[in-house]
Amino acid sequence: MSFMLLNRLVQNRTTLLRSAASSTAIRSMTVLNYSSSTKINPKHKAIFDQLDLQFENKGVFNGTWGGSGPIVDAVSPADGSVIGRVQTGTVEELNDTLKKMEEIKVMWRETPAPKRGEIVRQMRDALNEKLEPLGALVSLEMGKILPEGKGEVQEYIDICDFALGLSRTLNGQVVPSERPGHFMIEQWNPIGTVGVISAFNFPVAVYGWNSAISLVCGNPVVWKGAPTTNLSSIAVTKILEKVLVKNGLPGALCSLVAGGADVGQAMVEDERVKLLSFTGSTAVGRKVGETVAKRFGKSLLELGGNNAIVVMDDADLDLALRSVLFAAVGTAGQRCTTTRRLLLHEKIHDEFIEKLVKAYQSIRIGDPLEAGTLCGPLHTEAAVQHYKKGIEAVKAQGGKILTGGKVLDDRPGNFVVPTVTSISPEADVVQNEIFVPILHTMKIRDIDHAIEVNNSVKQGLSSSLFTRNPAHLFKWVGPSGSDCGIANVNLPSSGAEIGCAFGGEKETGGGRESGSDAWKQYMRRSTCVINYSGELPLAQGIKFE
């Protein structure tokens, strides 16, 4: 198994998942200052020019561009250089933006849904035209390899396709009435302003999921991206702005307020934000959910994952090996759907571990924009420290490092070596997600033991079983099987398509985004009974005379 096998995987048009790794809503923001540079690096100039970015950019958009908050450096995790700067917004500018959104929300909700879909179709085409430079910017600013960066933009394009069809199928239902001369229906209407707080690891796709669906459902959207990926937020908003201007629509439909904890907190607390979509850590998501609930708003939470792949003794081991490598190493282990735990049947454990270690040792680590790189840097220096602490915890809790376990501090950037451990499933370090490329391996006896271990953690996002046994397959996806929102068979824990709803259970938050009927979260349901009989029969046969 070589790194070339994984390269073939990432170059497929696989829809990449978004992660839950940011605590941008409440925690304090650090203004980064890595360099005194004031010019765009010549290597990046073509990317910036195609996306209408400058070295210094404004981070607030509500029809016009502005921003009077702290100036934040955009830093490349590959070498620590400052690639641009963003003047972020303030709570006052968020308030002004929400006022503008209140003024235009009636116009948008009264626009027929198919016409709203046509606007999203045009956004889809505009994004497709900028796929290459926008994907490169994601790789440059976030640190994921270029095929993944472009794949993330493709995911936004794909959800726009889905939303376009959805704009003609936002169906309610007719329900038989027990009363003669009565007609009963369920009707779906726009919920109002939607707020999106997204994470660093999918700085484009998560917003795309929410924005495309929300717009066709009739809602304006305000976005606060992660403070470390502000350039990606601005680039996307500039693309959408052109579509809105072309159609004579107010820019506040797709508002942006880049900012820190104060802006995020204000968005969470504001009653004008009817639905708040938050992607980030479980700890912060819990606070977000509590705050929104106190004002009787709706929240959509996409939080932590601690995902497992199970490989049974009857599995296709080559298929499983390739899948594990992709799921555990992709995005340098910084997806919410990254495989954190590998449960190997005791009969194939040793053979699989031997092949896995060899595969890990062939992975090319380097510049995410360079062809052939399979593992880029961690996003921040703080993540490197989490990696170090994770390795120390494995050793302290009786585990072994089978390969990796090193920080590559002989080069600039936040590079670490993807790591495989052997450790008990009950160890604290296994029970709690570390958002870095550390894969914990352990033995299981049978399918029941595998399900027990898979379900033993507090998170419930993604899982996958490798087997050829139909009995194992159906038990895994059944009522006594995996308790995760995603229960795959014979494919990685990551790489979901947009057609089904995405999300997880337990401490993952319970939210659902993207496909299927996730659109219902962006709307309010009304039960409507129409009496055309001229009489007044009451339900349940009640007489009131």
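Good morning. I begin with a pair of strands: β8 and β9 run parallel to each other and are joined by four bridges. Within this pair, V194 has V221 of β9 as its bridge partner. Please bear in mind throughout that the structure is a predicted model.

Let me remain with β8, which covers residues 194-197.

Strand β11 itself spans residues 275-279. It is mostly covered, with five of its five residues buried. L275, S277 and T279 point one way, L276 and F278 point the other way, and all are buried.

Two helices deserve mention here. In helix α9, residues 261-269, the buried residues are A261, V263, G264, A266, M267 and V268. Their cover includes α3, β8, β9, β10, β11 and α10.

Where is it placed? P220 sits in the loop between α7, residues 205-216, and β9. Its relative accessibility is 1%, and therefore P220 counts as buried, the cut-off being under 20%. Beyond its neighbours within four places in sequence, P220 is in contact with M101, I104, K105, W108, G192, T193, V194, S214, A252 and L253. One of these contacts, G192, is 28 residues away along the chain, yet the C-alpha atoms of P220 and G192 are separated by 7.0 Å.

I turn to another sheet. Seven strands form an open sheet in the order β15-β16-β17-β14-β13-β19-β20, with mixed pairing. Its edge strands are β15, residues 400-403, and β20, residues 486-489, each of which pairs on one side only. From one strand to the next, the twist averages 25°. At one end of this order, β15 pairs with β16, residues 419-422, in the antiparallel sense over three bridges. K400 has S422 of β16 as its bridge partner. Helix α16, residues 470-477, packs on the sheet and touches β13, β19 and β20. The direction of α16 makes about 170° with that of β20.

Strand β20 leads us to a pocket. The second largest pocket holds about 280 Å³ of space. Its lining has 15 residues, and those that lie nearest its centre are I486, N488, A496, E497 and C500. The elements giving two or more residues to this lining are β20 and β21, the latter at residues 501-502. Which element gives the largest share? That is β20, with three residues. By class, the lining of the second largest pocket comprises nine nonpolar, five polar and one charged residue.

How many cavities of 30 Å³ or more does a search of the whole structure find? It finds one. About 50 Å³ of space lies in this largest cavity. The residues lining it are N306, R340, V429, V430, N432, E433, I434, I438 and H440. Two or more of them come from each of α14, residues 428-431, and β17, residues 438-444. The lining of the largest cavity divides into four nonpolar, three polar and two charged residues.

Thank you for your attention.

Terms used: Residues numbered from 1 in each chain as written. Predicted model: local features only at pLDDT ≥ 70, side-chain atom pairs only at ≥ 80, totals over all residues. Heavy atoms only, no water. Pairing = 2+ DSSP bridges. Axes fitted to C-alpha atoms, helices over the stretch in contact; angles between N-to-C directions. Contact = heavy atoms within 4.5 Å. 1 Å grid on protein atoms, 1.4 Å probe; cavity = no way out; pocket = protein on both sides within 12 Å on 5 of 7 lines; lining within 4 Å. Points joined across faces, edges and corners; volume = space filled by probe spheres on them. Nonpolar A, V, L, I, M, F, W, Y, C, P; charged D, E, K, R; others polar. Buried < 20%, exposed > 50% of the residue type's maximum accessible area, 1.4 Å probe, protein only.
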